[in-house]
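Dear colleague,

I am passing on the structure below, followed by an account of what came out of going through it. Please read the notes with the structure open beside them.

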Amino acid sequence: MPKRPLPQPTPETREFWEGASRRELRIQRCRGCGRAYWYPRPFCPNCSSKDVEWFTASGKGRLHTYVIVHRAAPGFQDWAPYVIAIVELEEGPHMMSNVVGIEPAPEHLPVGLPLEVTWEQQEDGIALPLFRPAGSTP
Amino acid sequence: MSLRMSAAVVGAAETDSVAVQPDKSEIQLHAEAALNALADAGMSKDDVDGVLCAGQSPVLVAEYLGITPTFIDGTSVGGCSFMLHVRHAAAAIQAGLCKTALITHGQSGRSRVGAGGWGGSRQTLSGQFEEPYGVAGPPTRFTIPILRHMHEYGTTHEQLASVAVATRRWAERNPRAMMRDPITVDDVLQSRMIAYPVHLLECCLVTDGGGALVLVAAERAKDFPKRPVYVLGTGESSEHSMISMMHDFTESRAFKIAGQLAFAEAGIARKDIDHAMFYDAFAHTPMFALEALGFVGKGESGPFFEAMRTAPGGDFPLNTNGGGLSYTHTGMYGMFALQESVRQLRGEAAAQLPDVRTSIAHGVGGMFHAAGTIIFTNDDRA
């Protein structure tokens, strides 16, 4: 497991990180225009409505695009090569994450690959959402 | 209000070296570039009443040079900041906020002497939602869109590598360029993998240096020693701050908007452009620019570069100084793209093209975060 620079929640993002500690992928949706969005903020980035709600996303998504990092970030050297991906959630929004549970090689990572969320427990009570190929064993 | 032909560059220069300079601090690189550009314009610092810069504070640059300005702009949105500064300087001059604008860039990107820092706190949005996943600066973030472009348009690794090869061929002609040895597509593809699909030779250099521009109102432009380079069209935009928020990973919205604004203001067609500088932080950045600025259709940039149309002898001379890939890349390279546009329009470039009447300098800020586009001409009747 890499030594990650861990997030510090802010008032607007606390609900997400508290959900993560319960293994729930909490994101937001606008009641006005109906769109789900990411990252957390108390209004809709599409229509500016403040009538927004939190909900638990399915945790399913697809591999939208990615890189396989060979020149690692500090703390990640022993983990390289690793995948930094943009995951297209089933509900629509894009989210950055790592794809784990699969050999980090292009032939195993076709764009569009179905993914599902998995959690990596950190210190400070933080759990990070990572993604693995759908249906694979954790 | 249009900025078309409102202002002109009458002074332009880079630092004495644009390579590795551990003997100079970042603020000194600003100052060296500024003094060189003022000398080029036949002016002194006392002629300057507008100060614009990125990286360091314009207030510090003014203090360091001994200038008391009436117009200050510290727009700092990454490597295209200087394109935005040209636009803002022209607007300020037109509005009477200043008469002589000095735009400076200096960056100790390689040696890190007195340099500004990267990265923010763990409470920032990037600190919460990108940095925990092991992003290691631009090579792992700026490059994320590439595979999506390949997936949707069939863009190949060889096409991506061709950008670096074509650019190196210009650098071979420029004695100031840091990397001048010829390279092939195979060389690029066999160089070290940095972040798949990007190899070392598809990444920009990391250097120390700077550049500066002096702008005045177009009607004053002929009062100075060098051939004026007029501002014909300008544009700017921004799209996101985190790469994960890019709307469409196959195109830059900010590039498109900045380019459309610049061409609309200039009132010229794509075919009227004689010379182009597209910020090349990585091999794919000029591909995205070529498409977003409308020189080719969406997804068509790969074959265009593979055919070496941007290389010496091609019909679309691009990044003729050798670019960020082979000339220099201090961190915020946009200033050097502007400098080469000015040199080509003055007839002073190392790899000088014949009959250049128009040049476009298009910059990216951050990792597709922001964009600035400037179209210049040397034709006072344009």
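In this predicted model, E4(A) and strand E5 (residues 193-196) of chain B pair in the antiparallel sense over two bridges, where strands (E, at least two residues) and helices (H or I, at least four) are DSSP runs numbered from the N terminus, and two strands pair if DSSP finds at least two bridges between them. Within this pairing, A:Ile68 has B:Tyr196 of E5(B) as its bridge partner.

As for the conventions, residues are numbered from 1 along each chain as its sequence is written, and chains are lettered from A and ligands numbered from 1 in the order in which they are written. Because the model is predicted, local features need pLDDT of at least 70 and side-chain atom pairs count only at pLDDT 80 or more, while totals for chains, interfaces and linings use all residues, and side-chain values use heavy atoms, with hydrogens and water left out.

Turning to the interface as a whole, 38 residues of chain A are in contact (heavy atoms within 4.5 Å) with 32 residues of chain B. The two chains bury about 3100 Å² between them, 65% of it on carbon and sulfur atoms; buried area is the accessible area (1.4 Å probe) that two parts lose on being put together, summed over both. On the side of chain A that touches chain B, helix H1 (14-21), strand E4 (60-69), strand E5 (82-89), strand E6 (94-99) and strand E8 (127-133) of chain A each supply at least two residues, and E4(A) gives the most, with seven residues.

Within chain A, three strands form an open antiparallel sheet in the order E2-E1-E3, and its edge strands, each pairing on one side only, are strand E2 (36-37) and strand E3 (52-56). Strand E1 (residues 26-30) of chain A pairs with E3(A) over five bridges in the antiparallel sense, and A:Cys30 has A:Val52 of E3(A) as its bridge partner.

Leaving aside residues up to four places away in sequence, B:Ala161 touches B:Val185, B:Val188, B:Leu189 and B:Glu202.

With best wishes
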